[in-house]
Amino acid sequence: MVIILKKVQVQLHTGGFMKDRPRTRDTKQRRVVYDTIKSTHSHPTADWIFEKVRRQLPKVSLGTVYRNLGVLKEEGLVREIYGNDRRAHFDADISKHAHFICSGCDQIIDVRDVKSIDWRTMKDLVGCEVEEQTVVFSGRCPGCRQDTKQA
Ligand SMILES: [Zn+2]
Ligand SMILES: [Zn+2]
C-alpha cells in the first residue's frame, strides 16, 4: 500500500514538473515585468520596461515583454494609456484615477478624485452600454509652465 502511494506521488511530481516548467518561467518573467511597472508612477513604455527587466533577466526579449504586457492587461493587472508620443504607456495602478498628459514634456501624471460624469443623461449615448469612462486632461505641467514664463 505504502509503495503504491509513493509511486503515485513520484509520478505526479515528475508529470507536474515537466508540464509546469515553461509555465513557471513564464510566471517568473511576468512577475518581473509586473513588479517593474509597479515600481514606478511614471507610466513607462514597453521599451523602458524592457530595459529594466533585462537587468534582472538578461536573456529576456522585447517580444516576451510585449507578450507579458498583453497578458497582464488581459488579466486586468495593468492599464494602458496612449501618450502624446502616440505610444502605449503602462500603469500598474488600476485604482480609479484620471491622467494629465503634458503637451510640453509628454509626461503622464496621475489625477485623483475626478468625478465621473453621469453618462445616463447624455442623449447621444442612448442604447450604448458604457463599460468604462476614461478621463484624460491635457495641458502644461508645472515644470513646463515655469519654462514658458522664463522664456
Ligand atoms: Zn511638462
Ligand atoms: Zn496612472
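A residue counts as buried if 20 or more other C-beta atoms lie within 10 Å of its own, exposed if 12 or fewer, and partly exposed in between, with C-beta atoms placed from the backbone.

**View 1. The whole chain, a predicted model.** Buried residues make up 15% of the 151 residues. The chain holds four helices and five strands, where helices (H or I, at least four residues) and strands (E, at least two) are DSSP runs numbered from the N terminus. Along the sequence they follow the pattern α-α-α-β-β-β-β-β-α. Local features need pLDDT of at least 70, side-chain atom pairs count only at pLDDT 80 or more, and totals for chains, interfaces and linings use all residues. Residues are numbered from 1 along each chain as its sequence is written, and chains are lettered from A and ligands numbered from 1 in the order in which they are written.

**View 2. The open sheet of three strands.** The strand order is E4-E3-E5, with mixed pairing; two strands pair if DSSP finds at least two bridges between them. E4 (108-111) and E5 (136-139) are the edge strands, each with a single partner, so one side of each has no neighbour in the sheet.

**View 3. Strands E3 and E4, paired in the antiparallel sense.** E3 covers residues 98-102 and pairs with E4 over four bridges. Isoleucine 101 has isoleucine 108 in E4 as its bridge partner.

**View 4. Aspartate 35 in helix H1.** Helix H1 spans residues 2-38. Aspartate 35 is partly exposed, because 13 other C-beta atoms lie within 10 Å. Aspartate 35 and alanine 92 are 57 residues apart in sequence, yet 8.6 Å apart in space, C-alpha to C-alpha.
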